[in-house]
Amino acid sequence: MITLITNIKELLQIRESNIKKVSGKEMATLPTIKNAFLVIENEYITNFGTMDNCPKINADKTIDATGKIVLPTWCDSHTHIVYAGNRESEFVDRINGLSYEEIANRGGGILNSAKKLNETSEEEIYNQSKVRLEEVMQLGTGAVEIKSGYGLTVEGELKMLRVIKKLAENYPIKIKATFLGAHAFPTEYKDNHSGYIDLIINEMLPKIAQENLAEYIDVFCETGYFSVEETEKIMEAGKKYGLISKIHVNQFNAIGGIAASVKHKALSVDHLEIVTDEDIEALKNSETMPVALPSCSYFLSIPYTPARKMLQAGLPLALATDFNPGSTPSGNMNFVVATACIKMKMTPEEAINAATINGAYAMGISDTHGSITIGKKANLIITKPITSYYQLPYAFGSNLIENVMIEGKIIY
Ligand code: NIG
Ligand code: FE
């Protein structure tokens, strides 16, 4: 099956295959071709260039993209899409003055979601989660990382990871699974942290590895959740089973989780609402991708990741949604890109780089996703006719996507 897209007003994010991420000043450049064509064979990009070099081929399908912009689909490297029910009543509690922390301290928050998850069947969780997955695909997401972490019991964590596996089998988009048993301490382990960590290490991890249910391991490293020492112990244990770390750090406090994650060669450190000079130093010259989650900052009214300061220091940055029932009930990467521009003062070029190639890096798929590159998956957003790609963040409340292609097939 050959698909030819012609007359593309502008084709964004064209890269050589050796580019795995972009950092610092490089992030300001978004390579593009105006008046372009693109050839797709089965699920792969096989050719692109300017219209004057458009090959005369017998395509099975031709799409005329006059006035439209084509870019790679978003790579959302941090989500908690699999959950049961919602936490809309906590949302109203926050409007009425309670903080996220106060809600968590009285048994709400993550423990509230864990209770719901453990009471819900695997099939029902799958049915609720697939609706969210289908929604984000229509919003232009072509690859997504999904975490466990609302089970907090052996059975609950396995149930979540099996749902993630089933989604990965049934949907064409790339899905990466992360084990986040260390998301919060269940009430019965409130005064027995080492007991819960032993459960993670001795009961959950071996079963997950045996069933091959996760590639990454995550810990919520934060005051009142998992200490840096506990986080390191879990990263170490994960490593023994071949799980690479992607760590929740610096959401509310900088407690040294970034340096510890870099030391353990984490693939990414995520949240980063509070970032110190020491944190920036720790990330310099490392292979760890910092990941900002601006929709979480927006929803909880907490600080935004200091993107300018980090890019100034030469660091890369990725953007993701954090889609979850408590801190970010939205999986809209378009909103993330717009919010990064509006609130974090990232330029449209920087934000698009952060949400495509750097997002792909942060979930270990930049060989196959995140850019328009020959040999990569044909995962494309085709916009409506728009004046320029600046419209994507500028018209922040509009849906400018006309079509989404995943692995060579238009899904929307
Ligand atoms: O990334 N910060 C930790 N975990 C999630 C939120 C969890 C929840 O409130 O359900 C996050 O924001
Ligand atoms: Fe998260």
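By class, the lining of the second largest cavity consists of one nonpolar, six polar and one charged residues, in a model that is predicted. This lining is made up of Pro72, Thr73, Thr368, His369, Gly370, Ser371, Lys377 and Asn379, and the space that lies in the second largest cavity comes to about 30 Å³. A search of the whole structure finds two cavities of 30 Å³ or more.

The largest cavity has a volume of about 90 Å³, and the space that forms this cavity is the space taken by ligand 1. Its lining holds 14 residues, of which His80, Tyr100, His183, Asn324 and Ser327 lie nearest the centre of the cavity. When the residues of this lining are divided by class, four are nonpolar, eight are polar and two are charged.

The surroundings of ligand 1 can also be described from the ligand itself. In the predicted model, ligand 1 is surrounded by 15 residues, and the closest of them are Arg87, Tyr100, Tyr150, Gln251 and Ser327. The shell around ligand 1 has, by class, four nonpolar, nine polar and two charged residues. An N or O atom in the side chain of Arg87 is 2.7 Å from an oxygen atom of ligand 1, and an N or O atom in the side chain of Tyr150 is 2.6 Å from an oxygen atom of the ligand.

The largest pocket has a volume of about 630 Å³. It is lined by 27 residues, of which Glu101, Ala104, Asn105, Gly224 and Tyr225 are the closest to the centre of the pocket. Two or more residues of this lining are given by each of the elements helix H2, which spans residues 100-105, and helix H3, which spans residues 110-119. Helix H2 gives the most to the lining of the largest pocket, with four residues. By class, the lining of the largest pocket divides into twelve nonpolar, ten polar and five charged residues.

Technical notes: Residues are numbered from 1 along each chain as its sequence is written. Chains are lettered from A and ligands numbered from 1 in the order in which they are written. This is a predicted model: local features need pLDDT of at least 70, side-chain atom pairs count only at pLDDT 80 or more; totals for chains, interfaces and linings use all residues. Side-chain values use heavy atoms; hydrogens and water are left out. A residue is near a molecule or strand if one of its heavy atoms lies within 4 Å of it. A polar contact is a pair of N or O atoms within 3.5 Å; within protein, one must be able to donate a hydrogen and the other to accept it, and residues adjacent in sequence count only if both atoms are side-chain atoms. On a 1 Å grid over the protein atoms alone, a cavity is a set of points where a 1.4 Å probe fits but cannot get out, and a pocket is an open set with protein on both sides within 12 Å along at least five of seven lines; lining residues have an atom within 4 Å of a point. A molecule sits in a cavity or pocket if more than half of its atoms lie within 2 Å of its grid points. Ala, Val, Leu, Ile, Met, Phe, Trp, Tyr, Cys and Pro count as nonpolar, Asp, Glu, Lys and Arg as charged, and the others, Gly among them, as polar. Grid points are joined across faces, edges and corners, and a volume is the space filled by probe spheres set on the points.
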